[in-house]
Amino acid sequence: MTFISNTVTPIRSLALATLAACCVASAAHAAGYPERAVTLIVPFPPAGTTDLIARHVAQALEKELGQSIVVENRAGAGGNVGMGALARSKADGYTIGMGTIGTQTINQFLYKDMPFDPQKDFAPIALAGTTPNIIAVNANSDIKSLGDLIEKAKTAKDKKLSYASPGVGSSVHLTGAYLEDAAGISMLHVPFKGVSGSMPALIGGQVDILMDNLPSTLSQVKDGGKVRAVAVTGAQRDPAIPDVPTVAESGLPGFDVSAWFALYAPAGTPPEAIKTLVAAAEKALASNELKQKLQQTSTQPGTIFGTDLTAFEAKERERWNKLIQDKHIQSK
């Protein structure tokens with residue numbers, strides 16, 4: 001008769017105990033995320049539109065995650081420096097970034113040497129918000145409407161109308177190029193390093209037109225003493241300046257361009273961490289407190305999360321790639 005022993009050897013017992021301990025520790029780690037502060041990389045300077053939105057979102061995420069969000073500005077190369085840093089960060093859920101329409105769907109068609117692949121190097125979390133761009137002129141300008149602007153641009157022979165933007169290849173620059181195509185006009189693009197340079201140029205008369213994200217220029221536009229808003233580029237009028245018509249209302253039906261901002265983690269971030277971040281973002285962006293803060297900066301909270309953001313990006317890339325190729329736009 002064969003006898004089978006049920007006795008567990010000390011070595012086997014130790015192995016089983018170690019395995020069990022590892023499983024418990026792994027489960028506890030996943031359940032406990034986040035266990036410390038999370039860094040949010042903003043690839044643009046402080047006080048700009050991306051920074052303002054990122055800080056509002058960070059405050060709301062802190063409440064949902066139960067941990068501090070440390071905002072770190074890493075500007076340069078149209079956002080490529082900061083997002084490149086995010087792509088190289090440890091994929092553990094403790095470093096995320098605020099990408100934009102530029103970093104995720106435009107820059108790859110402008111820069112020869114990209115420090116990251118926007119389609120492969122990031123895990124999408126949430127569309128944080130969208131905001132229209134503004135078309136504005138000096139308050140003393142004889143341009144009172146978009147119709148005036150288009151007419152003046154068409155009749156200008158020796159000297160083109162000039163428009164300022166935050167830089168070559170920026171989403172605002174491409175908005176100007178998009179407007180030229182839609183209206184059948186040609187203007188002179190004058191790039192600046194942000195609204196801190198372009199706004200004084202408009203007020204001082206060095207340029208004819210200012211184009212920028214609405215949040216960066218909202219206070220001057222609402223004041224109206226030195227700057228007059230001509231049109232907003234989104235599909236709807238902005239509640240903060242309800243008397244300013246859209247480009248579509250002003251004679252170019254179907255025109256709809258908005259800047260957007262989205263949260264990402266490095267590719268390879270654990271699914272449990274991404275799931276937690278997505279859930280936190282959904283709750284934060286649905287909260288009345290964050291909605292009110294974003295609306296004060298003329299930003300609409302995002303409603304696209306996780307992998308749905310990937311499909312949204314694909315359509316944006318197709319749109320801007322065509323315009324960049326057609327206009328032969330290149331970064332310097």
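In the predicted model, the second largest pocket has a volume of about 360 Å³. Its lining comprises 21 residues, and those nearest the centre of this pocket are T130, G234, A235, D256 and S258. Two or more lining residues come from each of β4 (122-138), β9, β10 (300-301) and α11 (308-327). Strand β4 makes the largest contribution, with four residues of the lining of the second largest pocket. Sorted by class, this lining holds nine nonpolar, seven polar and five charged residues.

The largest pocket has a volume of about 860 Å³. A total of 37 residues line the largest pocket, and F44, G78, P166, S170 and G194 lie nearest its centre. At least two residues of this lining are supplied by each of the helices α2 (49-65), α4 (101-105) and α6 (171-183), and likewise by each of the strands β7 (209-213) and β9 (258-266). The lining of the largest pocket divides into 17 nonpolar, 17 polar and three charged residues.

The protein chain as a whole contains 11 helices and 10 strands. The C-alpha trace spans about 105 × 40 × 30 Å along its principal axes. Of the 332 residues in the protein chain, 47% are buried. Among contacts between residues at least 6 apart in sequence, 77% join residues that are at least 24 apart.

The largest nonpolar core consists of 77 residues, of which L40 and M187 touch the most other members. Apart from neighbours within four places in sequence, M187 is in contact with L149, A153, K160, L161, Y163, G176, L179, E180, I209 and M211. Another core, of 16 residues, lies apart from the largest one and includes L202, V221, V227 and V244.

Residue S198 is found in helix α7, which covers residues 195-203. The relative accessible area of S198 is 0%, so S198 is classed as buried, the cut-off for this class being under 20%. When neighbours within four places in sequence are left aside, the contacts of S198 are with A164, F192, L210 and D212.

Residue S141 lies in the loop between β4 and α5 (146-155). With a relative accessible area of 14%, S141 is also buried, because this value falls under the 20% cut-off. The side chain of S141 reaches the backbone nitrogen of I143 at 3.0 Å.

Leaving aside neighbours within four places in sequence, H56 is in contact with L290, K293, L294 and T297. The C-alpha atoms of H56 and L277 are separated by 16 Å, and these two residues are 221 residues apart along the chain.

Note on methods:
Residues are numbered from 1 along each chain as its sequence is written. This is a predicted model: local features need pLDDT of at least 70, side-chain atom pairs count only at pLDDT 80 or more; totals for chains, interfaces and linings use all residues. Side-chain values use heavy atoms; hydrogens and water are left out. Buried means under 20% relative accessible area, exposed over 50%, partly exposed in between (1.4 Å probe, protein chains only). Contact means heavy atoms within 4.5 Å. On a 1 Å grid over the protein atoms alone, a cavity is a set of points where a 1.4 Å probe fits but cannot get out, and a pocket is an open set with protein on both sides within 12 Å along at least five of seven lines; lining residues have an atom within 4 Å of a point. Grid points are joined across faces, edges and corners, and a volume is the space filled by probe spheres set on the points. Ala, Val, Leu, Ile, Met, Phe, Trp, Tyr, Cys and Pro count as nonpolar, Asp, Glu, Lys and Arg as charged, and the others, Gly among them, as polar. A nonpolar core is a set of buried Ala, Val, Leu, Ile, Met, Phe, Trp, Tyr and Cys residues joined through side-chain atoms within 4.5 Å. A polar contact is a pair of N or O atoms within 3.5 Å; within protein, one must be able to donate a hydrogen and the other to accept it, and residues adjacent in sequence count only if both atoms are side-chain atoms.
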